Amino acid sequence: MSVTTDEFDIASPAEVRESNAVTLRKLLLIVPVMLVFCFSLVPLYQKICEVLGVTATRAIAQNSQVDTSRLVKLDFDATNRNLAWRFDPVDRHVEAHPGAIVTINYRVTNMTDRVTTGRATPSFGPSEAGLYFNKIECFCFSNQTLQPGETRDMPVTFFIDPKMPVAIEAIALSYTMFDITDATKKS
Amino acid sequence: MASATTHDHAHGHGHGHDHDHHGPGPWTRIFTTTNHKDIGSMYLWFSLLMFFVGGAMALLIRAELFQPGLQVVQPEVFNSLTTVHALVMIFGAVMPAFVGFANWLIPLQIGAADMAFPRMNNWSFWLMIPATILLMASFFVPGGAAASGWTLYPPLSTQGGIGVDMTIMAIHILGASSIMGSINIITTILNMRAPGMTLMRMPMFVWTWLITAYLIIAVMPVLAGCITMLLTDRHFGTSFFNAAGGGDPTMFMHIFWFFGHPEVYILILPAFGIMSQIIPAFARKPLFGYASMVYATASIAILSFIVWGHHMFTVGMPAAGQLFFMYATMLIAVPTGVKIFNWIATMWRGSISFETPMLFAIGFLCMFTLGGFSGLVLSIVPVDITLHNTYYVVAHFHYVLFPGAIWALMAGVYFWLPKWTGRMYNETLGKWHFWLSAISFNVTFFPQHFLGLAGMPRRIPDYALQFAEWNMISTIGAFALGFSQLLFVYNVFSCIRSGEKAKERQWDSADSLEWTHLPSPVPYHTFETPPDLRGTNAAH
């Protein structure tokens with residue numbers, strides 16, 4: 001940068017080498033700075049979305065305005081499919097305001113003497129209610145592996161979308177537990 | 001073809017310069033040379049070779065699309081071909097070709113003896129070879145080459161086989177090579193100009209490269225970080241882009257296009273520079289609006305950092321984001337328009353002659369503007385939502401890259417061949433090359449606008465029957481276009497071997513230092529004492 005103007009005397013090779021080395025160091029600095037910038041985009045992206053209100057979490061927060069004007073009756077049920085597990089809801093009947101976050105539990109016991117893996121799928125009655133039943137946390141999101149004789153409480157955390165039609169006054173949610181021990185061993 | 005090219009290159013050079021260079025033999029020399037002219041030539045030969053490798057892939061793609069149904073390649077191979085065609089053309093053909101021009105011309109045009117870091121220069125060239133080998137070899141590993149498109153979007157790119165890892169490594173190495181090249185170019189331009197060669201007296205080609213080099217240093221590390229995250233997602237259990245682990249594939253697109261959009265200007269700004277050298281020379285008038293050209297180039301470079309979202313209007317962006325990226329994108333048309341109008345104003349009432357470089361330059365002006373217009377169409381969000389991922393996009397970016405970047409390179413080669421080799425190319429053949437390219441290019445790519453508007457998606461090996469006619473025409477055009485480029489190769493070789501002797505100032509109005517201060521061919525060592533340009537009317 002030192003040799004740029006009209007008043008310049010012809011620089012000696014050593015001077016040019018010196019100023020080149022300075023420029024090289026300055027330019028090389030850009031590389032780590034931009035690398036850091038790239039990785040900081042990961043949290044930055046999250047932050048910017050939050051500030052601009054474009055994240056999915058934000059959308060949920062808006063939906064979860066609690067509608068205290070009505071109560072929805074919820075019935076929980078459990079079925080076992082070819083699996084020697086005891087599988088029952090701990091909380092069978094709950095009433096909840098749409099928008100309120102609720103946690104209920106299912107209890108499961110492995111009655112066999114071997115390690116087994118199960119996977120639950122939900123079903124709603126009426127089926128339309130499934131569109132408004134938002135699960136935040138559910139044991140049905142992942143495979144459940146139980147040791148012989150093990151008992152476990154498994155939570156479901158959810159809220160009902162306040163946009164749910166008022167015609168739906170009660171929801172029955174039933175989980176069916178499938179034995180997928182063989183399927184998981186294969187893969 | 002491939003091996004013949006490199007072979008002749010080494011020998012042609014050895015003979016041309018043996019008398020003034022008493023170093024090692026030609027084979028040792030291509031590994032050890034630090035001379036900017038040698039390295040410039042090596043870059044140019046390498047990119048010519050890769051141009052044909054990438055072109056062969058394009059022809060395979062077009063052959064498959066000649067008719068509906070699967071005839072030539074399987075879908076997996078087809079996907080790999082579209083992916084590697086793009087990577088080879090971008091990182092193997094266009095970028096190295098411009099770096100070749102930079103190596104050859106920047107020291108000559110600013111009156112420097114060589115590049116600032118000659119050894120690093122040699123390194124940046126030779127890094128490209130292992131990278132290219134990695135990229136090409138990925139076709140032969142289990143799972144084949146990366147098949148996710150050149151953008152490497154997850155989850156496709158987190159799922160592929162070892163070919164994806166090889167591609168990632170290749171891009172890492174090519175990125176390092178281009179960062180080194182750029183550091184070299186910037187340092188040369190900032191520190192090694194001859195006395196009197198002020199920044200605002202530099203030829204436009206030097207200016208565009210200075211700005212491009214800054215773009216490269218700024219965005220290549222972002223690409224490196226981005227594909228590093230991809231690599232750790234693939235092998236080290238991170239979840240940057242893996243939704244199952246809390247990551248977000250959309251974030252990849254944001255990071256990738258933060259690199260990707262400046263990258264497309266990296267591919268075109270040096271082409272603008274070449275245009276700004278050629279058009280005044282053949283219009284026999286100085287470049288119209290030199291200062292505005294400099295500022296327009298800088299504006300394009302700065303704007304390129306804030307428009308990446310227009311590549312991803314359909315990911316579920318909020319309307320505010322879409323509007324921002326839409327208007328920012330349209331804004332780029334302003335400095336680009338300034339450049340186009342300046343070139344037209346340069347030609348206005350000039351004494352124009354239509355030698356091959358000028359034909360390519362005028363072809364560039366017309367076709368690049370057309371590609372720019374389809375780009376404006378795509379920048380409009382509601383239109384983009386229907387045209388996203390269709391052949392309209394393929395037509396758009398081929399209009400800006402083939403008659404844009406590639407024709408500028410062709411024009412540049414024809415323009416400077418007499419200076420580099422001391423011999424003239426065959427003018428008749430050059431004109432044939434231009435007209436065949438111009439016609440076949442439009443036959444290939446103009447129908448793709450129609451295909452896109454009719455809804456044909458990109459990156460598919462098979463398509464619905466109603467697209468058959470235009471695809472057939474496009475394929476015929478593509479083969480004509482591909483084979484027309486052989487004329488160029490023949491012309492370059494015959495020029496080097498047996499062209500007529502060129503004059504010192506072959507183009508009488510070309511006024512940068514290599515034409516006014518140096519004989520043709522340029523001696524192996526030039527400007528060992530810098531020319532004193534103080535008080536002279538240095539040209540642009």
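## Report on a predicted two-chain model

B:Asp38 is buried, since its relative accessible area is 4%; buried means under 20% relative accessible area, exposed means over 50%, and partly exposed lies in between (1.4 Å probe, protein chains only). This is a predicted model, in which local features need pLDDT of at least 70, side-chain atom pairs count only at pLDDT 80 or more, and totals for chains, interfaces and linings use all residues. Residues are numbered from 1 along each chain as its sequence is written, chains are lettered from A and ligands numbered from 1 in the order in which they are written, and side-chain values use heavy atoms, with hydrogens and water left out.

### Salt bridges

B:Asp38 is joined to B:Arg29 by a salt bridge, with 2.8 Å between the closest N and O atoms. A salt bridge is here a side-chain nitrogen of Lys or Arg within 4 Å of a carboxyl oxygen of Asp or Glu. B:Arg29 also counts as buried, because its relative accessibility is 6%. Over all chains, the structure holds 8 salt bridges. Three of them are set out below.

| Salt bridge | N to O distance |
|---|---|
| B:Arg29 and B:Asp38 | 2.8 Å |
| A:Asp153 and A:Arg107 | 2.7 Å |
| A:Arg152 and A:Glu150 | 3.3 Å |

The side chains of A:Asp153 and A:Arg107 meet in one of these salt bridges. This pair links distant parts of the chain: A:Asp153 belongs to strand E8 (residues 151-160) of chain A and A:Arg107 to strand E4 (residues 102-110) of chain A, 46 residues apart. Helices (H or I, at least four residues) and strands (E, at least two) are DSSP runs, numbered from the N terminus. A:Asp153 counts as partly exposed because its relative accessibility is 40%, and A:Arg107 counts as partly exposed at 41%.

In the salt bridge between A:Arg152 and A:Glu150, A:Arg152 is partly exposed, with a relative accessible area of 25%. A:Glu150 is partly exposed as well, at 24% relative accessibility.

### A loop residue of chain A

A:Asp67 is placed in the loop between helix H2 (56-63) and strand E1 (72-81) of chain A. Its side chain is joined to that of A:Ser69 by a polar contact of 2.5 Å, and the side chain of A:Asp67 makes another polar contact, of 3.3 Å, with the side chain of A:Arg70. A polar contact is a pair of N or O atoms within 3.5 Å; within protein, one must be able to donate a hydrogen and the other to accept it, and residues adjacent in sequence count only if both atoms are side-chain atoms. When neighbours within four places in sequence are left aside, A:Asp67 is in contact (heavy atoms within 4.5 Å) with A:His97, A:Pro98 and A:Pro162.

### Where the two chains meet

The size of an interface is often given as the accessible area lost when the parts come together. Between chain A and chain B the buried area is about 2,600 Å², and carbon and sulfur atoms give 76% of it. Such buried area is the accessible area (1.4 Å probe) that two parts lose on being put together, summed over both. In terms of contacts, 24 residues of chain A meet 34 residues of chain B. Between chain A and chain B there are 3 residue pairs in polar contact (both at pLDDT 80 or more), while the count of salt bridges between chain A and chain B is 0.

### Helices of chain B

Helix H5 (residues 118-137) of chain B contains B:Thr132, which is buried, with a relative accessible area of 12%. Not counting residues up to four places away in sequence, B:Thr132 touches B:Phe46 and B:Met50. The C-alpha atoms of B:Thr132 and B:Leu87 are 9.9 Å apart, although 45 residues separate the two along the chain.

B:Lys431 is found in helix H15 of chain B and is partly exposed, with a relative accessible area of 33%. With neighbours within four places in sequence left aside, B:Lys431 is in contact with B:Phe354, B:Glu355, B:Thr356 and B:Leu359.

A nonpolar patch with about 700 Å² of accessible area together is formed on the surface by B:Leu370, B:Trp435, B:Ile439, B:Val443, B:Phe446, B:Phe450, B:Trp470 and B:Ile473. Patches are made of residues with over 30% relative accessible area and no salt bridge, like charges being joined within 9 Å and nonpolar side chains (Val, Leu, Ile, Met, Phe, Trp, Tyr) within 5 Å; accessible areas come from the Shrake-Rupley method with a 1.4 Å probe, and for residues only the protein chains shown count as cover. Helix H15 (427-453) and helix H16 (468-498) of chain B each supply at least two residues of the nonpolar patch, and H15(B) gives the most, with 5 residues. B:Val443 lies in helix H15 of chain B and counts as partly exposed, at 32% relative accessibility.
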